[in-house]
Amino acid sequence: MRSAPVAPDIIYLIQWLLRIGVFATFLGHGLVAFSQNVRWLPYLDTVGINGQMALYVMKAIGVLDVVIAFSVLIHPWKPVLYWCVFWTLATAMIRPLSGESLLSFVERAANWTVPLVLLILINNTKLAGDRSGNISEKGIPDPEALNVP
């Protein structure tokens, strides 16, 4: 039994909620990194960046994260979303690699799954600005494929 297709307005809303989620994640983490949170120094040390260099790198990461936050909010470009998934997955994995519990990775699952879901949605529909529900040439060939189970 197939359910009804997802309405274009619902897809539009979901895309915007996911964009806001990515924006908030990167803005928040970017501002914390820019402020050079010393509690994050062990994570950088795990990959061989320490001392004064770690503080400079943290500031650069902060700036990049804030730029990415606004970029995704304004227009979620696919290459940026791929970076978002990679970066948030890597920063979640660095915690257990630096000696924290595996739970520190698990609790950050939303940080990388939100941009991943947004990327999947965008790869299969037009961007959120289009409420028509049309499917992109590279996406799912018919709207029936967007059925809710």
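1. Leu17 sits in helix H1, which covers residues 8–34; helices here are DSSP runs of H or I with at least four residues, strands are E runs of at least two, and both are numbered from the N terminus. Leu17 is exposed, with a relative accessible area of 52%. On this scale, buried means under 20% relative accessible area, exposed means over 50%, and partly exposed lies in between, using a 1.4 Å probe and protein chains only. Together with Leu13 and Ile20, Leu17 makes a nonpolar surface patch of about 280 Å². Patches take residues with over 30% relative accessible area and no salt bridge, joining like charges within 9 Å and nonpolar side chains (Val, Leu, Ile, Met, Phe, Trp, Tyr) within 5 Å. The areas come from the Shrake-Rupley method with a 1.4 Å probe, and for residues only the protein chains shown count as cover.

2. A word on the basis of these points. This is a predicted model, in which local features need pLDDT of at least 70, side-chain atom pairs count only at pLDDT 80 or more, and totals for chains, interfaces and linings use all residues. Residues are numbered from 1 along each chain as its sequence is written, and side-chain values use heavy atoms, leaving out hydrogens and water.

3. Now the overall plan. The protein has 6 helices and 0 strands, and its pattern along the sequence reads α-α-α-α-α-α. Of its 149 residues, 34% count as buried.

4. How do H1 and H3 pack? Their angle is about 165°, and their axes are 7 Å apart, with H3 spanning residues 51–74. Axes are lines fitted to C-alpha atoms, for helices over the stretch in contact, and angles run from 0 to 180 degrees between N-to-C directions. H1 and H3 are therefore roughly antiparallel to each other; the classes are roughly parallel under 35 degrees, roughly antiparallel over 145, roughly perpendicular from 65 to 115, and oblique for the rest. H1 passes H3 in a left-handed crossing, a term for the near helix being turned anticlockwise from the far one by less than a right angle, with clockwise giving right-handed.

5. Ile61 is a handy residue to look up in helix H3. Ile61 is buried, at a relative accessible area of 18%. Along the sequence Ile61 and Ala33 are 28 residues apart, while their C-alpha atoms are 6.5 Å apart in space.

6. H3 also packs with H4, at an angle of about 130° and with the axes 11 Å apart. That makes H3 oblique to H4. The crossing of H3 past H4 is left-handed.

7. Next, the pairing of H4 with H6 (residues 109–124): the two axes come within 8 Å and cross at roughly 160°. H4 and H6 are therefore roughly antiparallel to each other. H4 passes H6 in a left-handed crossing.

8. Two residues of H4 are worth a look. Arg95 lies in this helix and counts as buried, with 10% relative accessibility. Its C-alpha atom is separated by 9.5 Å from that of Trp40, 55 residues away along the chain. Leu97 also belongs to helix H4, which runs over residues 78–97, but Leu97 counts as exposed at 63% relative accessibility. Leu97 and Thr46 are 51 residues apart in sequence, with 7.3 Å from C-alpha to C-alpha.

9. Is Gln36 buried, exposed or partly exposed? Gln36 counts as partly exposed, at 24% relative accessibility. Gln36 is placed in the loop between H1 and helix H2 (41–46). Do check its backbone: phi of Gln36 is near 60°, a positive value in a residue other than glycine.

10. Ser104 belongs to helix H5, residues 103–106. At 5% relative accessibility, Ser104 counts as buried. Ser104 and Ile94 are 10 residues apart along the chain, and their C-alpha atoms are separated by 9.4 Å.

11. Last, the charges. Side chains of opposite charge can pair when their charged atoms come close. How many salt bridges does a search of the whole structure find? The search finds 1, where a salt bridge is a side-chain nitrogen of Lys or Arg within 4 Å of a carboxyl oxygen of Asp or Glu. The side chains of Glu107 and Arg108 meet in a salt bridge at 3.0 Å, N to O. Glu107 is exposed at 56% relative accessibility, whereas Arg108 is buried, with a relative accessible area of 18%.
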